[in-house]
Amino acid sequence: MDMSVNGYSDSYLKENPAAISCVNIANSLVNILGGLESFLSEVGPVLRKAVDEVIDMPRTQRFSLSQLEKTEKTYIGTKVEILIRHLLQVPKGKVLDLSVDGVELDVKNTIGTGWMIPKEAVNQHCLLIKINDKKGRFSIGVVFCSLDNITAGMNQDQKRSISPGNKAIFWIGKNVRMQENFFENLSPGVCAQLTELNVSGAEKIRRLCRLVPNTVIDRYIVECVANQKDPMKRLRKNGGARDSLEKEGILILTGAYDSEELKNLGFTDVNQDQFVAVNTRLLNLKS
């Protein structure tokens, strides 16, 4: 359960009567962004941005967390902390990462199964965030890291741990949908073609449109695949992908200029920074 369930706060406090501070902090965080729905809808894109910036596909041509070095995976936590603090527009605490209504919190992020709690966060509040990049899901909650709530044993860095199943965590949102990692949902063969070395950006964009048709694609994905300056130029007419692909029955339609045509084809939620490579033949087959 999480805050979206009626009565969740009451049931949590019955099991954790001394943890009213976790409920109060969670409510304060949610109210900063105008309510629970708004809070979760704004946190998701921030987490997506944090992961994407560390993977840094436009410059590295890597597309998966599994391709990162161990130290880079650790930096995702720092990036999440920075972006969450900026989103919430709250100050940094004297000791911990955030100060909310005079209470300090440490922001702990995991892309694995649990969180490591440093010595300075013991007997302090933590904002716990868990990202599942492949499934496009995240969880976020507040916990007081008393010695009763975290493990007694410590690793070589003198850190204790806490797992998602711990009942002391007050969940703001659990398994909330966020934008998936676009490339994690493609086959290895398609990813290999989109990241092949010594292939021009223009050709990679043509491959993207052929291999991933009838899919809403963000500008950032074009930047990742083209791997060069002015990647959107590769989509335009006058030498871009649009001219050659049109001869193959593939229409490149953008949310900025072709929204009505996209709606008529069934693509109702395409923003100005997105496009669809519409393969009309495959659309006809689906219908």
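Which residues is Phe 39 in contact with, leaving aside its neighbours within four places in sequence? In this predicted model, local features need pLDDT of at least 70, side-chain atom pairs count only at pLDDT 80 or more, and totals for chains, interfaces and linings use all residues. Residues are numbered from 1 along each chain as its sequence is written, and side-chain values use heavy atoms, without hydrogens and water.

Phe 39 is in contact (heavy atoms within 4.5 Å) with Leu 29, Val 30, Leu 33, Leu 88, Ile 140 and Ile 172. The largest nonpolar core has 56 residues. Such a core is a set of buried Ala, Val, Leu, Ile, Met, Phe, Trp, Tyr and Cys residues joined through side-chain atoms within 4.5 Å. Buried means under 20% relative accessible area (1.4 Å probe, protein chains only). Phe 39, Leu 127 and Ile 172 touch the most other members. Helix H3 (residues 36-55) gives the largest share of this core, 9 residues. Helices are DSSP runs (H or I) of at least four residues, numbered from the N terminus. Another core lies apart, with 25 residues, including Phe 183 and Leu 245.

Helix H1 (residues 8-15) packs on helix H2 (residues 20-32) at about 155°, with axes 9 Å apart. Axes are lines fitted to C-alpha atoms over the stretch in contact, and angles run from 0 to 180 degrees between N-to-C directions. H1 is therefore roughly antiparallel to H2 (over 145 degrees). Ser 9, Tyr 12 and Leu 13 of H1 meet Ile 20, Cys 22 and Val 23 of H2.

Terms used: Buried < 20%, exposed > 50% of the residue type's maximum accessible area, 1.4 Å probe, protein only. Helix = DSSP H or I, 4+ residues; strand = E, 2+ residues; numbered from the N terminus. Parallel < 35°, antiparallel > 145°, perpendicular 65-115°, else oblique.
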